[in-house]
Amino acid sequence: MALKSTVFKAELNITDMDRGYYQSHHLTIARHPSETDERMMLRLVAFARHASESLELTRGLSADDEPDVWQKDLTGAIELWLELGLPDEKRIKKGCGRADEVWVYAYGGRVVDIWWDGIKNQLTRFEHLNVVSIPADTLSELTKMTERTMQIQCTIQDGQMWMSDANHNILVEMTTLQSSNV
């Protein structure tokens with residue numbers, strides 16, 4: 001018998017002073033049985049960083065043909081493709097071929113450096129690809145906010161991102177590995 005996804009609810013209040021975006025999003029997150037708290041919280045971080053009215057969480061690990069988060073225009077064309085983890089070149093190429101802009105949020109501690117050293121030369125041709133690395137200790141802190149029902153405030157100002165709830169206030173650090181030419 002297959003395990004079912006665990007459903008989480010998140011009220012995500014975003015104050016993005018860098019983009020002038022101020023909005024609340026009520027999200028239902030179906031966490032796949034193989035998905036960790038770190039990965040689920042990173043989905044929230046990626047959503048908050050790129051938030052818009054048309055951005056949506058996808059089926060994630062349950063779908064091979066979708067990223068973790070995406071944004072489509074009114075015609076169904078993919079504007080933004082957000083991928084988490086350490087995807088292979090084929091997966092990144094697929095996103096770059098289908099979307100106007102692609103972001104990879106790499107995580108996994110020291111394994112990220114090994115992955116990046118092995119793949120970076122194949123990715124330079126993708127001009128609309130951005131790759132950032134999230135430190136393991138940042139994700140560890142974010143998992144302390146994990147609850148079945150979450151109320152999270154995200155504040156972005158001067159390039160810094162803070163995630164907070166009633167008990168935590170966490171600076172979300174990211175290291176840029178590749179930046180797009182867009």
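**Helix 4 and its surroundings**

Guide: The buried residues of helix 4 pack against helix 1 (37-49), strand 9 (160-164) and strand 10 (169-172), where helices (H or I, at least four residues) and strands (E, at least two) are DSSP runs numbered from the N terminus, and contact means heavy atoms within 4.5 Å. This is a predicted model, in which local features need pLDDT of at least 70, side-chain atom pairs count only at pLDDT 80 or more, and totals for chains, interfaces and linings use all residues. Residues are numbered from 1 along each chain as its sequence is written, and side-chain values use heavy atoms, with hydrogens and water left out.

Helix 4 spans residues 136-143, and its buried residues are T138, L139, L142 and T143, buried meaning under 20% relative accessible area with a 1.4 Å probe and protein chains only. Seen down the axis of helix 4, these residues fall within an arc of 140°, so they line one face of the helix; the arc is that of the directions from the helix axis to the C-beta atoms.

Leaving aside residues up to four places away in sequence, L142 touches M41, V45, M163, I170 and V172. L142 is also, with L12, I29, L44, Y105, M150 and M163, among the residues that touch the most other members of the largest nonpolar core, which has 38 residues; such a core is a set of buried Ala, Val, Leu, Ile, Met, Phe, Trp, Tyr and Cys residues joined through side-chain atoms within 4.5 Å. Helix 1 supplies the largest share of this core, 8 residues. Apart from it lies another core, of 17 residues, including W70, W81, V112 and V131.

Definitions and conventions:
Buried < 20%, exposed > 50% of the residue type's maximum accessible area, 1.4 Å probe, protein only.
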